[in-house]
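Subject: Structure for you to look at

Hello,

Here is the structure I promised to pass on. My notes follow below it.

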Amino acid sequence: MTRPTETPITLAATEGRVTPRAAIPADAPLVLRGLTVSYGEKPAVFSVDATFAPEAMTAIIGPNGAGKSTMLKAALGVIPRLSGEVAVFGQPIDVARDRIAYVPQRASVDWDFPTTVIDVVLMGLYRRVGLLGRLTGAHLSRARDCLDRVGMGDFAARQIGQLSGGQQQRVFLARALAQDADLYLLDEPFAGVDAATERAIIDVLKALKAQKKAVVCVHHDLATVASYFDEVFLINVRRIAQGPVAETFTAENLHATYGGRLATTHLDQLDLAQG
Amino acid sequence: MGNFLSALLLQAGYNAALVATGSALLGFAAGASGTFLFLRKRALVSDAVAHATLPGVGLAFILMVALGGDGRSLLGLLAGSAVTAALGLLLVEWIARRTRLSEDAAIGAVLSVFFGVGIVLLTVIQTMSAGRQAGLESFLLGSTAGMLFQDAVVIAVGGTLAVLATYLLRRPMTLVAFDPEYAAASGYDVRRIDLAMMGLVMAVTVIGLKLVGLILIVAMLIVPPVTARFWTERAGRVVWIAGALGGVAGYLGAAISASAPALPTGPIIVLVAAGLFLLSLVLAPARGVAAALLRHRRFQRRVHRRQGLLALARSEPILERYTLRVLRAEGLVRPDGVATEAGRAQAAKVARDECRWDIARQVHQDAGLTGRYDGLTPIEEVFTADEIEAFDSRLGGPRPVGGLA
């Protein structure tokens, strides 16, 4: 009988010191440090570190229930986080809130609500206008302009529930555009939309990148990752990998993220990086 | 009738005029500030809050008597009711947020427990020597007898403040009611806005307690917004239309109850509000029942017409009676079921449209297009003449007869 060899691990703490954390880069649009979110006592996102790149389009990918949307919502404070820090352009989120625009999943909305398309876009300006301010003609023409950018200019007076799913998604993108933010966070913007909408949305997002904005999308369609995005963030409760699509979007990383759920035949059809 | 008219013109005496004015103001405040609670789908929270006022009324009375004062001071009673109403509200919110119980269970529990405590206190007060003539039961169903000028002032001041606060908070409340996730992501504190929304409703409940009573005040908070929703698709307008409807219901209800000796004010106001609701439910142009029925009928007629004409074009029998009736009414089919000249022409046109659509769907295999083909839209409305010509060339219609030249 041989005793199991014990690998010696030196703990920094035993020497009375804790490794100092690297400073948060001020130009990074969004930095997460040790972000943990749990529903009950089951962590949905566990101790995730992430640094999202400026002037790039990043896809957050992972299987169902991997915590993609949860991570985004917790970063924004929509749901409470158990631990972890969030920095937006090097500042606490409440300071930099006006530099973020968020496009939630369509499911979170009351579709019979008495609001027209243009009213929804104007909601993107509420914070800027403040409680006492008035929405002026300039605000209105700005909102119309944003609607035009997503190709929904003709629908301004419609009640929001009368649109198709893809049209609704474009209106929510227009609301985010109206905020004129520097960081755009989108939760499954391509889920359940028609091909025309998908093209319209991706065109707008690429235009944002060209204006040196950062775009982060929760994304579910592996087939389009390589053509739409510059960076990927792979998550399955824990962070699996992050980096440029050309280096990180590999079969190995996808296996680590999806486990057996991903058929090899499916992988063959993807435009994967060679890792 | 004469009584009603004079009451309507505030000529039926000082008390009646006071009640009518107070009711109109209360109606406006309740309709406007109840709107967002309705849009947030939490209308019934107001019911729990209203019932939670009762123990406050009883406790305030006992406290004021114990301190040697007049237990019937309105401001004192209202202050007491506000305290327990706030407690009830926070309790509903806490139960829904912190326990596994849902909000409807929380509402049911808080409503009945607080109301039960209130009734016990009222019974205790009945046995007190100072309690015999307290008249606290009037807080249940409201009472207009002996309404004082100061009561009207309470309603006017409180109501104005509530409407003002509703106006100030209209944008955050709209955001939270429409899309709470986006509101939270934009940095709004959803919980605080919800509490403010319900606090407003609580304030209106308290000031309206004396006039319409805690059981019926809920109707003034909910019915006008629900009615207003029939007439507009914009949240901002729902607020003002609900206020106006509430004001009209309050004023008319008070005038009607003043015109006859035995008509109670609060219930009559609620009935007037319900009458306005019924009218809107049936007659509203876009969302009303009549309009919806008419739209459905028209649509059904178009479908039957199209199907009937397609059947004619394919010389299939038309079995459905309604289809035949539609075609006959337009003179497309003779009473014996044979297509007329016009019917054949229309059938040919519809058949060609259908063929063109078949080609169009093959050419444009686009998800965007499928939404535009509903089986009823003429192809000329979607494609240009040139595009249709291109489809026709692929249809391979009639070719010239004869061999190669």
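B:Thr265 touches B:Val19, B:Ser23, B:Thr144, B:Ala254 and B:Ser257, leaving aside residues up to four places away in sequence; contact means heavy atoms within 4.5 Å. B:Thr265 belongs to helix α13 (residues 265–283) of chain B and is buried, at 8% relative accessible area.

This is a predicted model, in which local features need pLDDT of at least 70 and side-chain atom pairs count only at pLDDT 80 or more, while totals for chains, interfaces and linings use all residues. Residues are numbered from 1 along each chain as its sequence is written, chains are lettered from A and ligands numbered from 1 in the order in which they are written, and side-chain values use heavy atoms, with hydrogens and water left out.

Helices (H or I, at least four residues) and strands (E, at least two) are DSSP runs, numbered from the N terminus. Buried means under 20% relative accessible area, exposed over 50%, and partly exposed in between (1.4 Å probe, protein chains only).

Two non-glycine residues with positive phi:

- A:Val237, with phi of about 65 degrees, sits in the loop between β9 (231–236) and β10 (238–244) of chain A and is buried at 18%.
- B:Lys41, with phi near 60 degrees, sits in the loop between α2 (14–39) and α3 (45–51) of chain B and is exposed at 61%.

In chain A, strands β1 (residues 30–39) and β2 (residues 42–52) run antiparallel, joined by seven bridges; strands pair if DSSP finds at least two bridges between them. A:Leu32 has A:Ala50 in β2(A) as its bridge partner. The two strands form a hairpin with two residues between them, and A:Gly40 in the turn has a positive phi of about 65 degrees.

Regards
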